[in-house]
Amino acid sequence: MTHTTQPLLQVRDLRVRVGERTVLQSVSLDVPAGALVVLMGANGSGKSTLGMALAGHPSYRVDGGQALLGGQDLLPLPAHERARAGLFVSYQSPPDVPGVKNNLFLRTALNAVHEARGQPPLDAFDFLAGARQTAKELGLPEALLGRPVNEGFSGGERKRNELLQLALLQPRLALLDEIDSGMDVDGVRAVVALVQRLRAQGTAFIVVSHYLTMIEQLQPDTVLRLDQGRIAEAGDMELARRIARTGFARQAETAEA
Amino acid sequence: MDSAQADILAAREHLDAQGWIARRSEAFHHLPPPALPDWLAAHDDAPPLNGPGWTLGQGASGVQAHWLDAHDPAQRAELLAGLPRPGEGEAAPFAWAHRALCREGLRLHVAATPQRAPLCLQLHHQPRARAEAPLLVLDVAPGAHCVLIETHEADTARPAVAQNLHAHIRLGQGARLQHLRIAAPQAGDRVAHHLHVQLAEGADYAQALAATGSGYHLQRNHITLQGAGASARQAALLLLGSGQIDQQTYTDLQAAQCASQVETLVLAQGRAHAVANAHTRIAPGSDGASVRQRLAGVPLAGHPRLILRPHLEILHDDVQAAHGATWGALPEDALFYARQRGLDEAAARALIIEGMAHALLERCLGPGDGVLAEWLQGGWLARAIAQQLQPGEEVHHG
C-alpha cells in the first residue's frame with residue numbers, strides 16, 4: 001500500500017472539554033490517506049471524545065489545537081460540512097431516528113454528500129439497487145432498509161448499519177468507534193473486508209477497538225495508546241499484543257517508568 | 001313555511017335565546033371561538049366561491065353516496081335522519097348554528113363486502129360559501145372495513161371562510177374504519193370541525209389527524225364506545241408555524257373491554273398558539289377498559305404557546321389507565337447523527353420532524369401498504385412541514 005507523504009488527517013495539540021472536565025489534554029496524530037491507525041486506551045481515556053470532537057458535536061468543546069483534513073481546517077466547520085469534507089465517525093451506540101426510514105435517511109445523506117462533491121443525485125431506484133446489494137454483502141437484512149433508522153435493531157444490526165453508511169458514503173477518513181462490539185464473527189469479517197476495500201481506494205481509518213483478533217486482521221500501520229487525554233505510546237502490532245497481554249494499567253506503569 | 005324553514009328558524013331562535021359559547025366555558029376558555037355572527041353571516045358583499053363542496057374520489061364502488069339539499073324538506077329529513085338533536089353541552093351552540101346554516105350534506109353508507117376487503121374512499125371538501133355548515137354522515141355496516149382519506153385543503157387562493165362542519169360517523173358491530181383527516185385551512189379562515197363517532201360492539205375506529213393553524217381552528221372529536229370490545233385510536237399531528245388550533249377529544253367508554261388511545265404531537269413555532277385537550281371518561285360497569293393518553297408538545301423556535309390538557313374521569317374499578325403530557329425538544333442525538341452524515345441543519349431538522357410525524361400517524365393507522373401508505377408517502381407531510389415549520393430563531397422559554 002502506498003501512502004502520500006502529506007498526512008490526510010493532521011491533529012495537533014487537540015484539547016477538548018466536556019462540560020467542566022478536560023478529557024483530551026493534548027492529542028497529536030497523523031493519518032495518511034489509505035492508512036489505518038488503531039487507537040487503544042482504557043475506558044475514559046478519551047477515544048470517543050476524539051471522534052465526537054472531530055465530528056463537531058456541540059457538547060465537545062475544543063479549547064485548543066488544530067485538526068486538518070486534506071489541509072482544510074475542520075474545527076471552524078459545522079458538523080455537516082465536516083462530513084461533506086469526507087469525515088465519517090461511526091458511533092459506538094448509534095441512536096434511533098424515530099420514524100425516518102433507513103433507506104430515506106441513507107439516500108438523503110448520500111445525496112447531500114453527492115451535491116457537495118458536485119455529483120448528480122441518485123434517484124430512489126438507483127439508490128435502492130446499490131443499497132440492497134451492499135446490505136447483502138454486509139449481512140444486513142434487506143428488511144431493515146425499510147424500517148426506521150436503528151429502531152428495534154439489535155446491537156450487531158446497528159453496527160452493520162453503520163458499515164452500510166460507511167460503504168455508501170465512501171468518506172476520505174473514517175473513525176470507527178468500537179465497531180466490533182456487539183458483532184458476531186461474520187460481522188467482524190464484514191468489517192475487515194470493507195475496511196480493506198475502502199483502504200485500497202484511499203480511505204484512511206482510525207479504528208478504536210479493544211479486541212486483538214480484529215486488530216490483527218486489519219493489519220494497522222500504527223497502533224496508538226491513549227492515556228489521560230494524551231497519546232502515551234505509539235507502535236505497531238506488537239504494542240497491541242502487549243496491551244492485550246498485560247492490560248492498560250501495566251502499560252501506564254511501564255510508560256511512567 | 002315548510003318543515004326545513006321551520007327547523008332553521010327554530011335553531012336560530014334557540015341561539016337567540018341561549019346565546020353563544022360563554023367566555024368562561026371550560027372547554028373553550030383557552031381559545032374562545034369567534035362570535036356567533038361569524039358562523040351565520042352570508043357575507044353578501046363578498047364574491048361567491050366556486051368550491052364544489054364534498055367530492056368523492058374515483059373507485060368508490062360499493063358505497064352509497066347521497067348529496068342532499070338541506071333546504072328541501074324531504075331531503076333535509078333524509079339528511080338528518082337518525083342524528084341527535086343539538087343538546088345543551090358546551091359545544092352545543094356550534095351544533096345549533098350548524099342546524100341554522102346547513103345548506104347541504106353528504107350521506108355515505110359503506111356495506112360489508114364478502115371478502116371483508118377494505119373499501120377505500122377519498123373524500124375532499126372545498127368551501128362553497130364564505131360562511132358554511134357542511135354535513136357528513138357516514139354509516140359503516142356491521143363487519144365492513146373502510147379506509148377513508150378526508151382532506152380539507154385550500155387548493156387555490158380564495159377569500160377567507162368561516163366553516164362549521166359536523167360529521168356523524170357510526171360503526172356497526174365489528175366494523176372497522178381507518179380514517180385519515182387532513183385539515184389545512186388558509187391563514188385567515190375560521191374553521192370548526194366537529195366529529196361525532198359511535199362504535200357498536202367490537203367496532204374499531206382509528207383516526208389520524210394532521211392539521212395546521214389558522215385564524216381560528218377547532219378540531220373536536222366526541223367518540224362514544226357503546227358496545228363491548230369496541231376500540232378507538234386517535235392521533236393528532238398539529239403543525240403550527242403561526243395561527244392557532246384548539247384540538248379537543250372527548251372519548252366515552254360505556255361498555256366492557258373497550259380500549260381507547262389518544263396521542264397528540266404539537267410542533268409549533270413563532271407565536272403560534274395550540275391547545276390539546278384529551279378527556280376520557282370510563283363509565284360505571286366498563287369492566288376491563290383500557291385507556292391511554294399521551295400528549296407531547298415540541299416548541300421549535302420563537303415563542304409558541306402550547307397547552308396540553310390530559311384528563312381522565314374513571315368511574316369504575318377494574319380498568320387500566322395511563323396519561324401524560326410532555327414538553328420537549330427534537331431529539332438532539334438524532335439531529336447530530338443526521339448532520340454527521342452530511343445533512344445541513346435545516347434538512348436534518350425537517351427529516352427528523354417528518355419522521356416523528358410519520359411515526360405518530362403509523363402508530364394510529366398501522367404501517368399498512370395500500371392507499372393510506374401511498375398517501376402518507378405522497379409528500380403532503382414534507383410540504384406542510386416545509387411551509388409551516390421553517391427554521392427560525394431559537395426557542396425562548398419563560
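Predicted model: local features only at pLDDT ≥ 70, side-chain atom pairs only at ≥ 80, totals over all residues.
Colleague: How many helices and strands does chain A have?

Modeller: Helices (H or I, at least four residues) and strands (E, at least two) are DSSP runs, numbered from the N terminus. By that count chain A has 10 strands and 8 helices.

Colleague: And what is the radius of gyration of chain A?

Modeller: That radius is taken over C-alpha atoms, and the globule rule to hold it against is 2.2 Å times the number of residues to the power 0.38. For 257 residues the rule gives 18 Å, and chain A comes out close to that, so it is as compact as a globular protein of that length. The radius of gyration of chain A is 18 Å.

Colleague: What share of the residues in chain A is buried?

Modeller: Buried means 20 or more other C-beta atoms lie within 10 Å of a residue's own; exposed means 12 or fewer, partly exposed is in between, and the C-beta atoms are placed from the backbone. Out of the 257 residues in chain A, the buried share is 46%.

Colleague: Which element gives the largest share of the side of chain A that touches chain B?

Modeller: Contact here means C-beta atoms, placed from the backbone, within 7 Å. On that basis 20 residues of chain A are in contact with 18 residues of chain B. The elements of chain A giving two or more residues to that side are α2 (79-84) and α3 (102-116). The largest share, 5 residues, comes from α3(A).

Colleague: How many of the 15 residues of α3(A) are buried?

Modeller: Among the buried ones are Asn102(A), Phe105(A), Arg107(A) and Val113(A). They pack against α2, α4 and α5 of chain A, together with α6 (345-365) of chain B. The helix is largely enclosed by the rest of the structure, because the number of buried residues in α3(A) is 11.

Colleague: Let's move to α6(A). How far apart are the end C-alpha atoms of that helix?

Modeller: The expected span of a helix is 1.5 Å times one less than its number of residues. For the 16 residues of α6(A), residues 185-200, that should be 22 Å, and the model agrees: the end C-alpha atoms are 23 Å apart.

Colleague: Within what arc do the buried residues of α6(A) fall?

Modeller: The buried residues include Gly187(A), Val191(A), Leu194(A) and Leu198(A). Directions from the helix axis to the C-beta atoms define the arc. The buried residues line one face of the helix, because their arc, seen down the axis of α6(A), is within 155°.

Colleague: Which residues are exposed on the other side of α6(A)?

Modeller: The buried residues are covered by elements of chain A including β3 (36-41), α4 (124-138) and α5 (155-169). On the other side, the exposed ones are Val185(A), Asp186(A), Arg197(A) and Ala200(A).

Colleague: Is Asn150(A) buried or exposed?

Modeller: Asn150(A) lies in the loop between α4 and α5 of chain A, and has a positive phi of about 65° although it is not a glycine. Most residues other than glycine have a negative phi. With 23 other C-beta atoms within 10 Å, Asn150(A) is buried.

Colleague: And how does Gln257(B) count?

Modeller: Gln257(B) sits in the loop between β14 (244-253) and β15 (259-270) of chain B. Its phi is also positive, about 60°, although Gln257(B) is not a glycine. With 18 C-beta neighbours inside 10 Å, Gln257(B) counts as partly exposed.

Methods: Residues numbered from 1 in each chain as written. Chains lettered and ligands numbered in written order. Contact = placed C-beta atoms within 7 Å.
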